[in-house]
Amino acid sequence: MKKTSICILMVLCAGILFLPPLAHAEVENGTSIIVATGKDVPTDDHLPEGYRFPEKYRDKAVQFRTEDGVLLSGYVLGEGNQGITLGHANGWMVSSWLPFGERLVDEGYMVIIWEFRNILPSGSSPQSESQRWDLDVLAAAHVLRERGATEILGMGASDGGNATAVAAPHIPDLVGLALLSSPKNSRGNALEAVAKIDVPAFFAVSSDDPVGNFYDEVKPLYDASASEQKEFHLLTSYEHGTDLLSDVDRYSAKVGSTEEQKQERRQLADDLMRFVNETFDKKAGETETLTSTPKPDEGKTDAQTSTPKTEGIINRTENTNDSTMMYPLMIIGLGVLFLLIVFVGIKYKKK
């Protein structure tokens, strides 16, 4: 009977050694909002050829749930502890971010590109919640954190940029914000949101945006931003959103695009990449600039350049967890187990 009791105690003590990591893993998995990956994720096969996400990324697909229960479909590309959310423009689909997203991955970042609510293959929400794209951005950032990101940069185009701005004050570990052709108040009050965050910020718009006068949307966002490290880029190219980063004419093909305008878009893509690298501290130097290239007869703004900033990126938060609690418990378990072994050895030696 005594031998049986001793054996039970030894098993319990050994269990203490493995319980903490198992319990920690259970907590981690319990908070996951990812519900499917790979081939189990609904795809955009309903779209015409050329608009679908490439089949080669099928194993990168991920389906996840928002705070209000909407199932979203997207892709997580790359890996690492520096993540970027890429919210697309309404009507541009997730593939619109892929060229620049691949460039970000090549630079060593992890990115998530997804379809917003009420747009296939993502799920639907009640009409009362149909504008809550900010909840979709928050869920996308959550997925990046689950995959190991400890720093998040929010990036979006048009309505996707507006939603990213609205979500930004609520994204843990936010280090930067980048908006292309984003309206002030399409999915939420972006003006109010950018005034609450002081992380480095990047704003870009075309003076000849085919969708409308977005200069009067984006410039006020730049002005309202609380960031001391912010940039404003005004292009003349006849493009909108992610097309401002493309070397290929979309709307510009209808009216004609000069080589200077194409170079302008190439330069914007390079400037955005520089901004990302500087924000994540991969390269030295942080500047606040106002860069514009308006047509001579428009005169909407003058080019302005401020002195370089030397302050560190602000509004960062550190991830913490309870994993360190396992070490005291492991030490106690080892100690008790050692004493039991010694006690049993002494007993058998006397016999």
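Biologist: Which residues does Ile112 touch, leaving aside those up to four places away in sequence?
Modeller: This is a predicted model, and in it Ile112 touches Phe64, Tyr75, Val76, Ile84, Thr85, Leu86, Ala140, Val143 and Leu144.

Biologist: And which members of the largest nonpolar core touch the most other members?
Modeller: Ile112 is one of them, along with Phe64, Trp114, Phe203 and Phe232. The core has 44 residues in total.

Biologist: Where does the largest share of this core come from?
Modeller: From helix 3, with nine residues. There is also another core apart from that one, made of 37 residues, including Ile84, Leu86, Ala157 and Ala204.

Biologist: Let's move to the strands. How many bridges join strand 4 to strand 6?
Modeller: Six, and the two strands run parallel. Within that pairing, Ile84 sits opposite Leu153, while Gly83 faces Ile152.

Biologist: What about strand 4 and strand 5, how many bridges there?
Modeller: Four, again in the parallel sense, with strand 5 covering residues 110-114. Gly83 turns up here too: its bridge partner in strand 5 is Met110.

Biologist: Which helix goes with strand 4 and strand 5 in a β-α-β unit?
Modeller: Helix 2, residues 98-106, and the unit is right-handed.

Biologist: Is strand 4 enclosed or open?
Modeller: Six of its six residues are buried, so strand 4 is largely enclosed by the rest of the structure. In a regular strand, side chains alternate between the two faces of the sheet. Here Gln82, Ile84 and Leu86 are buried on one side, and Gly83, Thr85 and Gly87 are buried on the other.

Biologist: Now strand 6: which residues are on each face?
Modeller: One side has Glu151, Leu153, Met155 and Ala157, the other has Ile152, Gly154 and Gly156, and all of these are buried. With seven of seven residues buried, strand 6 is therefore largely enclosed by the rest of the structure.

Biologist: In what sense do strand 6 and strand 7 pair?
Modeller: Parallel, over six bridges.

Biologist: Nice, so on to helix 4. How many of its residues are buried?
Modeller: Nine of the nine, spanning residues 159-167, so helix 4 is largely enclosed by the rest of the structure. They are Asp159, Gly160, Gly161, Asn162, Ala163, Thr164, Ala165, Val166 and Ala167.

Biologist: What covers those buried residues of helix 4?
Modeller: The cover includes three strands we've talked about, strand 4 (82-87), strand 6 (151-157) and strand 7 (174-180). Helix 3 (133-146) and helix 5 (190-194) also take part.

Biologist: What does the side chain of Thr279 reach?
Modeller: The backbone oxygen of Phe275, at 2.7 Å.

Definitions and conventions:
Residues numbered from 1 in each chain as written. Predicted model: local features only at pLDDT ≥ 70, side-chain atom pairs only at ≥ 80, totals over all residues. Heavy atoms only, no water. Buried < 20%, exposed > 50% of the residue type's maximum accessible area, 1.4 Å probe, protein only. Contact = heavy atoms within 4.5 Å. Core = buried A, V, L, I, M, F, W, Y, C linked by side-chain atoms within 4.5 Å. Polar contact = N/O pair within 3.5 Å; in protein donor to acceptor, adjacent residues only side chain to side chain. Pairing = 2+ DSSP bridges. Right-handed = clockwise from strand over helix to strand, strands pointing away.
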